[in-house]
Amino acid sequence: MSIEIKNVEKSFGRFKALKNISLDIASGELVALLGPSGCGKTTLLRIIAGLEVPDTGSILFHGEDATHRHVRDRQVGFVFQHYALFRHMTVFENIAFGLRVRPRAKRPPESVIRKRVHDLLNLVQLDWLADRYPDQLSGGQRQRIALARALAVEPQVLLLDEPFGALDAKVRKDLRRWLRRLHDELHVTSVFVTHDQEEALEVADRVVVLNEGRIEQIGAPHEVYDHPATPFVYQFLGDVNLFHGRVHDGHVRIGDAEVELAGGQDHPESAVFYVRPHEIEILRDRSAGTIAAKINDIRPLGATVRIELERADGRGMVEVELTRDRFANKGFREGESVYLQPKRLRTFNHNSVSE
Ligand code: ATP
């Protein structure tokens with residue numbers, strides 16, 4: 001089922017929660033709505049679900065206007081962060097619920113329901129939990145059962161609102177990979193709300209970055225990460241270092257360092273440059289285009305090492321991320337004086353990115 005969202009606006013009192021949102025979601029696509037708390041992700045999801053009506057604009061399902069269609073006629077399945085399963089029902093009964101409460105004429109025979117539930121339990125790889133009650137499950141298992149329950153009624157659209165938000169980091173990571181594989185198998189058109197950029201980049205076919213009720217950018221994960229359309233997207237999708245610089249003759253002067261710019265770019269005279277922590281080299285020897293700094297703090301983060309440095313010209317801190325191997329080879333120590341070499345400098349000019 002394809003979904004078209006056209007010029008949707010929504011206010012609560014005088015507060016405009018969504019401003020002129022337009023978005024096309026292809027049939028079978030998994031789209032992530034990504035943005036900080038309060039940017040309007042849940043409101044947009046609720047409008048797609050039919051739990052909220054937009055003030056203006058329209059929603060089309062498979063090309064047909066569904067703006068005012070009742071939620072129960074939209075064939076949507078939901079999974080929420082705290083979507084409590086029915087505590088007094090077993091896992092089996094929870095999954096069967098949506099089918100058993102259908103009017104008699106639309107209710108499948110009990111044998112079909114039993115088969116469907118077992119198929120879904122196999123699909124979410126929890127068939128051995130059929131007779132347990134929700135209290136006897138882990139948080140991750142509960143969300144997988146909630147997903148099986150949402151899928152039982154064969155929805156055309158699956159809406160997921162921070163489904164893994166309440167789980168710990170390791171389980172979250174496992175479940176997002178699992179969800180991605182499941183989606184590749186089922187191809188149900190899905191909209192996934194998250195404020196976690198890593199989660200959005202890993203799970204989605206396309207990411208919609210929202211900020212203050214507006215769409216900042218829509219693109220494949222690598223597009224929004226490598227070619228962010230606005231400073232907001234760049235900063236929201238990962239840590240950044242900001243360098244204020246003055247541009248002349250193909251160089252940018254950052255403090256007392258002259259850093260070369262990639263040729264042919266038209267930069268304003270004075271600009272803010274953005275560099276991600278893994279895009280900076282740390283050198284022991286001064287060379288052309290390096291920025292002097294001192295290592296303040298070294299933090300191992302699993303596969304990588306985060307190094308916090310203070311610029312020698314007193315203009316702030318810089319974060320650098322090295323792989324563990326690279327860090328081990330170099331053997332940097334806290335207190336050491338070094339030189340920073342940004343591998344790429346980006347700036348935003350008329351909403352475009354240049355390197
Ligand atoms: P979070 O990640 O914190 O859930 P969100 O991006 O999902 O945030 P929404 O829940 O869509 O944000 O809310 C967007 C804005 O609209 C917020 O400022 C919120 O306070 C406001 N809002 C949402 N629902 C209502 C409502 N029923 N009445 C009044 N204001 C509302």
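**Backbone, sheets, core and ligand shell of a predicted model**

Glutamine 125 has 13 C-beta neighbours inside 10 Å and therefore counts as partly exposed. A residue is placed in this class when its count lies between the limit for exposed residues, 12 or fewer, and the limit for buried residues, 20 or more. The model described here is a predicted one. In this model, glutamine 125 lies in the loop that runs between helix H3 (110-123) and helix H4 (139-152). Its phi is positive, at about 60°, although glutamine 125 is not a glycine. Most residues other than glycine have a negative phi.

A positive phi is also found at glutamate 154, again in a residue other than glycine, with a value near 50°. Glutamate 154 belongs to the loop between H4 and strand E7 (157-161). With 11 C-beta neighbours inside 10 Å, glutamate 154 counts as exposed, because the limit for that class is 12 or fewer. Another positive phi, near 50°, occurs at histidine 62, in the hairpin of E4 and E5. That hairpin has 2 residues between its strands.

The protein chain as a whole has 355 residues, of which 35% count as buried. Its secondary structure comes to 9 helices and 21 strands. The C-alpha trace spans about 80 × 45 × 35 Å along its principal axes. The domain assignment divides the chain into domain 1 (3-236) and domain 2 (241-354). Taken over C-alpha atoms, the centres of domain 1 and domain 2 are separated by 39 Å.

Strands of a sheet pair through backbone hydrogen bonds, either parallel or antiparallel. Strand E1 (residues 3-12) and strand E4 (residues 56-61) run antiparallel and are joined by 5 bridges. Across this pair, glutamate 4 stands opposite leucine 60 of E4, and lysine 6 has serine 58 of E4 as its bridge partner. E4 is in turn joined to E5 by 2 bridges, and these strands also run antiparallel. Here phenylalanine 61 stands opposite glutamate 64 in E5.

Another open sheet of 4 strands has the order E13-E12-E11-E14, with antiparallel pairing. Its edges are formed by strand E13 (257-260) and strand E14 (270-275); each has a single partner strand, so one side of each is left without a neighbour in the sheet. On average, and with direction ignored, neighbouring strands of this sheet are turned by 40° against each other. Strand E11 (residues 241-248) is joined to E14 by 6 bridges, and the two run antiparallel. In E14, alanine 271 stands opposite glycine 245.

The largest nonpolar core has 89 residues. Those that touch the most other members are Ala32, Leu33, Ile95, Ala148, Leu159, Val207 and Val208. H4 supplies the largest share of this core, 7 residues. Both domain 1 (3-236) and domain 2 (241-354) contribute to the core, with at least three residues from each.

The residues around the ligand are Phe12, Phe15, Ala17, Gly35, Ser37, Gly38, Cys39, Gly40, Lys41, Thr42, Thr43 and His195. By class, this shell has 4 nonpolar, 7 polar and 1 charged residues. Strand E2 (15-25) and helix H1 (41-49) each supply at least two residues of the shell. H1 gives the most, with 3 residues.

Conventions:
Residues numbered from 1 in each chain as written. Predicted model: local features only at pLDDT ≥ 70, side-chain atom pairs only at ≥ 80, totals over all residues. Near = placed C-beta within 6 Å. Nonpolar A, V, L, I, M, F, W, Y, C, P; charged D, E, K, R; others polar. Pairing = 2+ DSSP bridges. Axes fitted to C-alpha atoms, helices over the stretch in contact; angles between N-to-C directions. Core = buried A, V, L, I, M, F, W, Y, C linked by C-beta atoms within 7 Å. Domains from an automatic or database assignment.
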